[in-house]
2 protein chains.
Amino acid sequence: MSYTKINSKHINQLISIVGIDYVLFDEESIDKYSHDETEDFKFFPEVVVLPRTPEEISTILKMCNNEKIPLTPRGAGTGLSGGALPVNNGILLSMERFNQILEVDERNLQATVEPGVITQVFQEAVKEKGLFYPPDPASKGSCFIGGNIAENSGGPKAVKYGVTKDYVLNLEVVLPNGEIIWTGANVLKNSTGYNLTQLIIGSEGTLGIVTKAVFRLLPYPKFDLLMLVPFFSAEEACEAVADIFKAGVIPSGMEFMERDALVWGSNHLGDNSITIPENIQAHLLIEVDGNDMDVLYKDCEIINTVLENYNCDEILFANDATQKDKLWKIRRVVGEAVKTKSIYKEEDTVVPRAELPKLLKAVKRIGVEYGFKSVCYGHAGDGNLHVNIIKDKMSDDAWNNELPKAIREIFSLCVELKGTVSGEHGIGLVQKGYMDIPFNQTMINLQKDIKNLFDPNDILNPNKIFL
Amino acid sequence: MSYTKINSKHINQLISIVGIDYVLFDEESIDKYSHDETEDFKFFPEVVVLPRTPEEISTILKMCNNEKIPLTPRGAGTGLSGGALPVNNGILLSMERFNQILEVDERNLQATVEPGVITQVFQEAVKEKGLFYPPDPASKGSCFIGGNIAENSGGPKAVKYGVTKDYVLNLEVVLPNGEIIWTGANVLKNSTGYNLTQLIIGSEGTLGIVTKAVFRLLPYPKFDLLMLVPFFSAEEACEAVADIFKAGVIPSGMEFMERDALVWGSNHLGDNSITIPENIQAHLLIEVDGNDMDVLYKDCEIINTVLENYNCDEILFANDATQKDKLWKIRRVVGEAVKTKSIYKEEDTVVPRAELPKLLKAVKRIGVEYGFKSVCYGHAGDGNLHVNIIKDKMSDDAWNNELPKAIREIFSLCVELKGTVSGEHGIGLVQKGYMDIPFNQTMINLQKDIKNLFDPNDILNPNKIFL
């Protein structure tokens, strides 16, 4: 596919659609739209457009279709798989002006939101009314809810409460041809036609541009308890995870951190209040929540009883909001900490949770074989392990040519264990070479056919998800 | 589209694929496959085939594609929208031999099941291991789990636990062209490609034939409490529903029954142990469940406090398992009871739950206007109201020509209230004339295009969902 380059006629058209203040093409303004949080990639758009209405987006997409101009939609640019990178240049469509919470419906426990609202801002707005929007990716303080929809983001609370897709009831979407649809209805049950809501969620901005989302909400749980459990063996920490669920407790957080993850995270925050004995290899950060403190204490007792079968050091109970915040902050900052320490690649592996020990063991074995160090952490309750591969002293040749084989081995194991290659970061640009591992050719072709059906000119976020 | 009639060559081909015992074409054997539970429809297939493996289905579908023979897949035939009716005759493909629970994975709280397993059989099998599969349509004792997937079935527990779609992790599907795919992975979080799992769920057997399903399960809740609350006003009963959620309680069942629903249900079971005072217009059947009895009592107290604001009669607490069973049995049998009393049409309306009073009021007003009686009941917690329109003394002319206008008014109101035309029964054959109410033409065309992409020869369950 060869695309048309942006010329001054296009710029003028864009200006006439969104106004002169919202079309950026000087190098300085464009720079921040050239990268996201994925490794060290940079791709420059030819022009950045900041629309305000679905109708403006519709007009822009019609222009792109007529002229064969590639368009890449972008939320806050916190993605970890390169979904928002304008790899074919063209137009970068920033959703940052779609930043309104349109309604919080307390009668129906629902909210209607524009996609450029920051996830945490949305969470806090509904919390003020006693309501709870659970999905909370580590980047919640800066990511957009629209990006969460595009990537089907998860986060620590997913283990009890599910991921973004479990909260979306209905979407307003501008299709690549410029037409506008609502995919569903604002109801909890729906058997009316095909579920295009769920087809759009996780489609990484390749099938349409979400311009409004209706979410279901929950009553905000009144209490929570948090504990940090040190293990002498990282594999044992992983083994304990499935046992806790089997004992009948569903924690609201069940995070795994290898020793280095906790150390690097703490150091990154300049926090040395947590001392980690030499022989501790990993931690589980376990949270329970609910409306009854007695029940939470009982849950903790059950968890303790399970942990007695494992070789743990002394458990740290967070004894107030400050300490809870600190522990969560360390957990959330690990990704950033790794990033500042070294060039790295983050693999978003996911397996059924009881297979986690096998996965961790294999990652370390493959690391030894290929000569890389990894720092692993993630949402153990969901079997979602973020494997951070550290470049450190690895040669460029090994990094570029050998490492992909190692990653392929890791992903192949995930699929053997009935898991897959991305739990919550998406395929985007960087993982598309691995799509043949979870899917047979029929399944890949079917997905490509769907893309082609929505976007026959391949103008919307091209060269993502599929090779 | 003109289809090929079945001839003896086709019959011989089918026999060679599945064996002579599993190809039925005598009138007597075929009769039971000519109808489901939708009104009084009958459509006769030319031949009934009972395959046992995905590969057999694949071969049959390839034959259908080559020869342009329509094929209608069928579960247990308990559907209420005519999805399993072979309206173009041709082949009826019964999934009844896909009746094995292949694995209950206690380590990962998952199960792999064939689609011809009866829902209740599946529920009981996992319950034996302390696990819980919540979706429980009224027909759970006879319906197949595959039919539940096709229609995205709900049931009373959906209000707390969600519907069928919320439990399916992965599907093995034979596509109309005979190719076989797995749609996802056996994991709780998945951001790997398009969500074809959710596209297949609720597609009513028009996009592919599910041959295996992987479900997530929960720990079985240890306790539940059930209460029956009589209201002097049906609208007030509906109003109380949203208030209970706003008070922070999420019941595991929140069923609404108009007076007649409860009376007809009781009578149908020959049970007259529940006396209903003359001036009682409706009941709410409210269940709470969980692992701590004290919490459940507290939940009931909160519910009681909310109900003090309403004009209720004395609340009946079910005091043992027998009484609970009886109350749920009455609730489940209402549909059947209505069916034996009169020719009827059941409309599966759904709105955001706080809009239920408006919906009920409008149904009654429209009934007066068009001269029909209705019996309403359903899953109030989800805003899912089953409107049973009773033919009784209505003329055939009014029934056939005027009533559709009344139904259109009801559905239009649902959509105005941000709801839609089917909560859990599907569109199938009988509701497809109303698809223009929730969806604009773009959205309808997009869905038709997806159907065409999967099934270009329109051989799989043709003439369903879309006009």
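This is a predicted model: local features need pLDDT of at least 70, side-chain atom pairs count only at pLDDT 80 or more; totals for chains, interfaces and linings use all residues.
Residues are numbered from 1 along each chain as its sequence is written, chains are lettered from A and ligands numbered from 1 in the order in which they are written, and side-chain values use heavy atoms, with hydrogens and water left out.

We may begin with the relation between the two copies.

The interface itself draws 84 residues from chain A and 84 residues from chain B, where contact means heavy atoms within 4.5 Å. Between them, the chains bury about 6,500 Å², with 59% of it on carbon and sulfur atoms; buried area is the accessible area (1.4 Å probe) that two parts lose on being put together, summed over both. Three residues, A:K189, A:S191 and A:Y194, supply 15% of the area that chain A buries against chain B, more than any other three residues.

One of these, A:K189, also forms a salt bridge with B:D382, in which the closest N and O atoms are 3.4 Å apart. A salt bridge here is a side-chain nitrogen of Lys or Arg within 4 Å of a carboxyl oxygen of Asp or Glu. Eight salt bridges are counted between chain A and chain B, along with 42 residue pairs in polar contact, both residues being at pLDDT 80 or more. A polar contact is a pair of N or O atoms within 3.5 Å; within protein, one must be able to donate a hydrogen and the other to accept it, and residues adjacent in sequence count only if both atoms are side-chain atoms.

Which elements build this surface? On the side of chain A that touches chain B, at least two residues each come from strand 9 (180-182), helix 7 (196-200), strand 11 (218-219), helix 8 (234-246), helix 10 (293-307) and helix 14 (441-454) of chain A. Helices (H or I, at least four residues) and strands (E, at least two) are DSSP runs, numbered from the N terminus. Helix 14 of chain A gives the largest share of that side, nine residues.

Within chain A, an automatic or database assignment gives domain 1 (8-97), domain 2 (101-219) and domain 3 (223-416). The C-alpha centres of domain 1 and domain 2 of chain A are 22 Å apart, and their contact takes 18 residues from domain 1 and 21 residues from domain 2. About 1,400 Å² is buried between these two domains of chain A, carbon and sulfur atoms giving 67% of it. One salt bridge is found across this interface, and the side chains of A:R52 and A:E114 meet in a salt bridge at 3.0 Å, N to O. Three residue pairs are in polar contact between domain 1 and domain 2 of chain A, both residues at pLDDT 80 or more. Helix 3 (54-67) and strand 3 (71-74) of chain A each supply at least two residues of the domain 1 side that touches domain 2, with helix 3 giving the most, seven residues.
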